[in-house]
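Here is a short briefing to read alongside the sequence and the 3D structure.

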Amino acid sequence: GRAPSALALADDPFAGAVGRLRIGLLGCGDIARLNAAAVVAAPNAELTACFDPAPALAREIADRHGAQVTESAEELVEHPDVDAVFVCVPHHLHAPLAMQAAAAGRHVIVEKPPAHTLAAALTMVSAAEQAGVTLTVCFPNRYDPRVVLARRLIDAGALGDLGGAEVRFFLDRSAGYWVGGYSGRSPSTWRSSRAQSGGGVLIMNLSHQLDLLRHLTQMDAVAVTASTATADRPAEVEDAISLSVTFSNGALASAVASSAVRGFNGSELRLWGRAGQVIVEPHGRVYTLPAVDGLRTGRWYPFDGLPAVNSRAVFVSRFASALHEGRPPDVTAQDGLAVQAITEAAYRSSADGTRVSPSDLVAGDAR
C-alpha cells in the first residue's frame, strides 16, 4: 500500500529563504552549467559574474543567465557585485582560487571535492577562517527528497543503533570523458591526471555518497581500508574501488564503485540498524520495528509521491539563508574536510595495504 502521510515532505524546499546572495562563477566548464542554473533557480541568490580562461565558455553561461563576464579571476573575486565565489575548476585549482576569493573577503562555495589533496583542503579551510569568510562544499545530494526523508526517519529512531551501510555506484564512462568531460565543451586532460584530479571515481563521484553516509548516520569514520584498480587506460586514476569504513560506534559501511561498467549507470544506498532498514537509492523505502512517524511496524513502506526538487538550487538557497542569518551553513568546511580525509585514507590504504585513520591524517597534515 501507499505510505501514510507520515512519509510526505513539505512541498516547498525554499520555504524560509532569506537574503540575497550575489554569486560569481569561477570556471565555466561542465559542472558550472548546472551550478549556474541552480543559482538562478534559488529565490535568494543571483548570478552576477562569470570568468573562465576560455572566454567563450564564460560568455555562454553569462548570456544565458544575464550575468557579466570578467577579464580575469582577480577581477571576478574583487567585483563589487560579488558576495560569494562559486569555484568550479579542476580539482588542483580549488584551493588556490578559493584562497584568492577568501583573501578578497568573499564567501566561498567549492564544487566537490574540496581539493585534490587533504593538505590543500586544510590550507584552504584555514585561509577562509583567517579571512573571516564562510566556506562550504557543494554536496547537494543532501537535499534529494529521498535523503531528506531518510534522515528524518533515522533521526526518529527507524534504524535504532546503526549496524551498517552499503553503497554501490556504477557508471559507463566513455573514453572521451577523460579528454573532454561529458559535453566536450572544455577539452582538457585534467580528469585523467592524478596530480591534477587527485584520483578517479572515488574523489570524482563517490565523495557524494561519503558525505551522505556522514550526514545520515551523524557519525565520523574512524578507520578506512580500500583497494583501487584502473581498467581503462591511459588514465592514471582509478576507475574502480572497493572500500570499508568503520564508524565511531563500530558500524561498518562498504562501498564499491566503478566508472567502467559497460551499459549501466546507477547507484544504491542502504543503511540498517538493530531496529530497521532504510533504502535511499534507487527507490526509497523503509522497514522499521519501532512505531516511527505513524508507520505500522514490521512492514516495508515505499517513499511514494515525493516532490521533484532541484537539489543544487536548494543547496545554494540554504547557503544564502545561512549567511543572511549569521549561522553556519548546512555543509560546513569541516564536513568537507571529513570527506576529504576519508578519501585520502582510502587512497593511502590502497597504496600501503594498511588500515588508515582519517583523523590521524588530518592531525598529521595539520601539523
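This is a predicted model: local features need pLDDT of at least 70, side-chain atom pairs count only at pLDDT 80 or more; totals for chains, interfaces and linings use all residues.

## A loop, a core, a helix pair and a strand

His116 lies in the loop between strand β5 (107-111) and helix α5 (118-131).

- Leaving aside residues up to four places away in sequence, His116 touches His91, His92, Ala195, Gln196, Ser197, Gly198, Ile203 and Gln340.
- His116 and Phe14 are 102 residues apart along the chain, and their C-alpha atoms are separated by 32 Å.

**The largest nonpolar core**
- In soluble globular proteins, nonpolar side chains tend to be buried together.
- The largest nonpolar core here has 115 residues, and those with the most contacts inside it are Leu25, Leu243 and Leu271.
- Helix α9 (residues 201-217) gives the most to this core, contributing nine residues.
- Beyond four places away in sequence, the residues that Leu243 touches include Leu206, Leu210, Val224 and Ala346.

**Helices α6 and α9**
- Helix α6 (residues 145-155) packs with α9 at an angle of about 35°, and their axes are 9 Å apart.
- On the α6 side the contact is made by Val147, Ala150, Arg151 and Ile154, while α9 provides Leu212, His215 and Leu216.
- These contact residues divide into five nonpolar, one polar and one charged.

**Thr246 in strand β9**
- Thr246 has its place in strand β9 (residues 240-247), and it counts as buried because its relative accessibility is 13%, where buried means under 20%.
- Among the residues that Thr246 touches, beyond four places away in sequence, are Asp220, Val222, Leu252 and Arg355.

Terms used: Residues are numbered from 1 along each chain as its sequence is written. Side-chain values use heavy atoms; hydrogens and water are left out. Helices (H or I, at least four residues) and strands (E, at least two) are DSSP runs, numbered from the N terminus. Buried means under 20% relative accessible area, exposed over 50%, partly exposed in between (1.4 Å probe, protein chains only). Contact means heavy atoms within 4.5 Å. A nonpolar core is a set of buried Ala, Val, Leu, Ile, Met, Phe, Trp, Tyr and Cys residues joined through side-chain atoms within 4.5 Å. Axes are lines fitted to C-alpha atoms, for helices over the stretch in contact, and angles run from 0 to 180 degrees between N-to-C directions. Ala, Val, Leu, Ile, Met, Phe, Trp, Tyr, Cys and Pro count as nonpolar, Asp, Glu, Lys and Arg as charged, and the others, Gly among them, as polar.
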